[in-house]
Amino acid sequence: MWETFIIQPMVNLLLWIYDILGHGPQMFGLAIILFTIVIRGITWPLNASQVKGAQAMQELQNDKEWQDIQKKYAKDREKLAQEQMRIYKDRGINPFASCLPTLIQFPIIIGLYQSIIRAMAATPLDMLNLARTVYPFQNVANIIPLNSTFLWMNLGRPEGIPLPFDVSFLPNGFPLLAIVVALTTYVQTKLTMPTTPPNPNDQAASQTAAMSSSMAIYMPLMLGWFALTFASGISVYFITSNLLGIVQYAVTGRANWRNLLPGGNKSTPTKK
Amino acid sequence: MLFFRSKSNFNMKKINLVILLALGAILLSACSGGRASLVNTWPGLAADDVQAYLASGSHIYAVDVVTGKEVWRYPAETDSNIIFYANPILTSDGQLLAGSEGNNHELVSIDPETGKDNWAAPFTGAEGKWVGSPLIFNGAIYAPNSDGFLYILDMNGEQVSDPIELGGALWSAPVTDGSYIYVTALDHRLHIINPATGSADEPIDLGGAIPGSPAVGEGGVYVGSFSSNIEFVSPNGNHEVLTTASNWIWGSPTLDNGTLYYADLDGTLYSLDIASGKQNWDAVKPDGPIVASPLVVGDQIYVVTESGSVLALDPDAKVIWEKAVGGKLYTNPVLSGETLLVAPYKAEFALAAYDATGKQAWTFTPEK
């Protein structure tokens with residue numbers, strides 16, 4: 001199932017892009033970038049619904065009726081939940097709309113990682129698996145093995161710029177790409193966070209805000225660690241995907257640039 | 001009360017988030033087929049008259065071919081930085097050479113009798129993993145590495161000259177016709193090297209990756225590749241396509257008395273009469289893709305399949321015997337005396353021995 005619906009299409013798409021690019025040096029890196037753009041294009045509506053859902057949820061925090069029920073049913077959580085669901089229904093808001101694209105991202109990341117490793121075919125068994133993965137109509141005998149060189153990197157190995165001295169915890173050298181991955185992830189996460197702090201009476205909103213804050217810390221660290229540890233091809237995907245995400249938020253006018261500034265999200269909440 | 005409940009929920013959310021992120025990390029880690037601590041491809045195998053040498057994961061195992069018992073393992077203690085899977089080779093001066101994958105990409109020399117190191121230190125000058133076995137020629141070791149270099153060492157493991165840069169990853173053992181050294185590469189090219197000068201002529205592009213060694217014949221070599229072609233290449237670089245298989249050719253062709261045996265990933269075994277250029281039989285298709293090279297012993301042709309079968313055929317393709325070994329058979333079968341050794345991948349055991357009639361003599365599973 002996973003192999004048929006995720007890995008095979010991804011590997012074949014990667015190989016197809018690599019082939020039409022001319023399958024020389026640098027081309028596998030470009031293929032990953034183009035592949036990411038395609039995946040981002042396919043998931044654009046989902047991401048847009050995430051942004052829209054998050055925006056609607058944010059606006060709801062400032063809604064008079066929403067704030068009133070927080071106060072009115074502060075001691076009756078069951079009733080509060082019922083009222084919240086009623087408002088969601090009345091306003092046509094899906095509270096889970098902002099979660100779905102994030103959940104979809106995970107299989108894509110894992111699938112892409114496996115696809116890159118599969119396409120790089122570093123061992124005989126990997127090569128044999130690659131032969132199995134290729135669709136019969138693809139003539140890839142002339143493009144295998146892939147050229148894994150991209151800029152200063154070998155896309156099948158963790159990235160690092162050699163240092164003139166040994167650092168035991170940086171066996172691959174200075175992890176430039178991992179830092180860029182962490183930074184772009186941080187920027188993208190911060191841009192999506194609400195500019196207004198939650199109503200202190202609104203438990204759900206407070207928890208969501210706390211979760212967002214945690215995400216802004218943990219996600220860059222986790223993806224940075226991935227970039228540090230795994231094949232650098234995955235880092236190229238992360239960076240491209242993050243930059244496209246930032247562009248998407250900017251184009252749709254929903255990027256909260258103030259969040260990037262110290263104290264930028266400390267503005268006073270407004271009431272409708 | 002509300003405060004405590006709220007704080008508890010908040011903590012739960014944080015815990016859930018951390019669990020989610022950790023799960024993602026574990027999932028991605030589990031997907032990293034190339035991690036050094038995992039056995040990520042099939043084993044290598046060699047044998048002399050008394051012992052089999054199995055390169056499998058963290059160790060090389062010497063196994064008595066009569067009893068099937070372990071004689072020694074190298075290294076004695078597991079080192080997670082070392083993975084062996086290239087076929088080890090025995091040299092005429094009593095060394096067992098084996099290359100590994102791992103942080104140091106070690107090429108080691110072991111005493112086949114004791115399992116102890118021969119060299120003062122392993123050779124660690126290569127950048128990539130060792131997939132192909134070395135060639136011993138004129139008292140020198142020609143060791144192909146996946147970093148694209150052919151390393152030249154003396155029999156004590158010291159580099160005697162600069163490595164020859166050939167370009168693509170070298171996964172197969174070089175061969176020699178006594179004058180030249182032939183090295184195949186995954187970048188589709190066959191290199192012909194003059195060992196006297198260390199120089200290589202313009203490489204020959206065969207149109208597909210070449211994971212197998214050439215077979216040396218009269219006046220040249222026979223090479224199969226992912227182009228599905230079998231080509232004959234002369235030392236002067238002239239080459240011609242002799243025949244085309246139905247799928248990629250992985251294993252080395254085997255030449256025996258004017259007949260070239262080879263197989264493809266479609267699972268077809270071929271027998272080409274070199275003189276006439278005609279196939280000796282219609283397509284013979286055992287039960288699965290064939291990666292390993294056919295082994296010819298007297299009038300019997302042994303072939304192993306990915307489906308885990310070992311077959312003995314006569315020269316007319318009649319099946320003499322067939323056994324289901326289990327697991328997947330990718331490793332070249334090896335003969336020790338009259339005992340046929342096969343090393344399955346992902347089977348209940350790591351090595352099995354058969355006599356000439358197909359009767360299983362023993363199986364070997366390393367003790368932990």
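Predicted model: local features only at pLDDT ≥ 70, side-chain atom pairs only at ≥ 80, totals over all residues.

Q: What makes up chain A, in terms of helices and strands?
A: Chain A has ten helices and two strands. Both words refer to DSSP runs numbered from the N terminus: helices are H or I with at least four residues, strands are E with at least two. Starting at the N terminus, the order is α-α-α-α-α-α-α-β-β-α-α-α.

Q: Why is Ala182(A) called buried?
A: A residue is buried if 20 or more other C-beta atoms lie within 10 Å of its own, exposed if 12 or fewer, and partly exposed in between, with C-beta atoms placed from the backbone. Ala182(A) has 23 such neighbours inside 10 Å, so it counts as buried. You'll find Ala182(A) in helix α8 of chain A.

Q: Why is Ala216(A) called partly exposed?
A: Ala216(A) has 18 other C-beta atoms within 10 Å, so it is partly exposed. Ala216(A) belongs to helix α9 (residues 203-229) of chain A. Across chain A, buried residues make up 37% of the 272 residues.

Q: Which residues does Ala182(A) touch, once those up to four places away in sequence are set aside?
A: Ala182(A) touches Pro220(A), Leu221(A), Leu223(A) and Gly224(A). Contact here is a matter of C-beta atoms, placed from the backbone, lying within 7 Å. In chain A, 74% of the contacts with a separation of 6 or more are between residues 24 or more positions apart.

Q: Why are α8(A) and α10(A) called roughly parallel?
A: The axes of helix α8 (residues 176-191) and helix α10 (residues 232-251) of chain A cross at roughly 25° and come within 9 Å. These axes are lines fitted to C-alpha atoms, for helices over the stretch in contact, and angles run from 0 to 180 degrees between N-to-C directions. Angles under 35 degrees count as roughly parallel, over 145 as roughly antiparallel, 65 to 115 as roughly perpendicular and the rest as oblique. That is why α8(A) is roughly parallel to α10(A). Among the residues that meet there are Val181(A) in α8(A) and Ile239(A) in α10(A).

Q: What makes a stretch of residues a nonpolar core?
A: It's a set of buried Ala, Val, Leu, Ile, Met, Phe, Trp, Tyr and Cys residues joined through C-beta atoms within 7 Å. The largest nonpolar core here has 154 residues, and Ile234(A), Leu54(B) and Leu341(B) have the most contacts inside it. Helix α6 (residues 100-120) of chain A gives the largest share, eight residues. Leaving aside neighbours within four places in sequence, Leu341(B) is in contact with several residues, including Leu45(B), Pro333(B) and Ala353(B).

Q: How do you know that β7(B) and β8(B) pair?
A: Two strands pair if DSSP finds at least two bridges between them. Strand β8 (residues 107-110) of chain B and β7(B) have four bridges, in the antiparallel sense, and Leu97(B) has Ser109(B) as its bridge partner in β8(B). The two strands form a hairpin with four residues between them, and His105(B) in the turn has a positive phi of about 50°.

Q: Which other strands pair with β7(B), and over how many bridges?
A: Strand β5 (residues 82-84) of chain B is joined to β7(B) by three bridges, running antiparallel, with Ile83(B) opposite Glu101(B). Strand β6 (residues 89-90) of chain B pairs with β7(B) over two bridges, also antiparallel. As for cover, strand β7 (residues 96-102) of chain B has six of its seven residues buried.

Q: Why do β18 and β21 of chain B stand at the edges?
A: The open sheet has four strands in the order β18-β19-β20-β21 (chain B), with antiparallel pairing. β18 (215-217) and β21 (239-244) each have a single partner strand, so one side of each is left without a neighbour in the sheet. From one strand to the next, the twist averages 25°.

Note on methods:
Residues numbered from 1 in each chain as written. Chains lettered and ligands numbered in written order. Contact = placed C-beta atoms within 7 Å.
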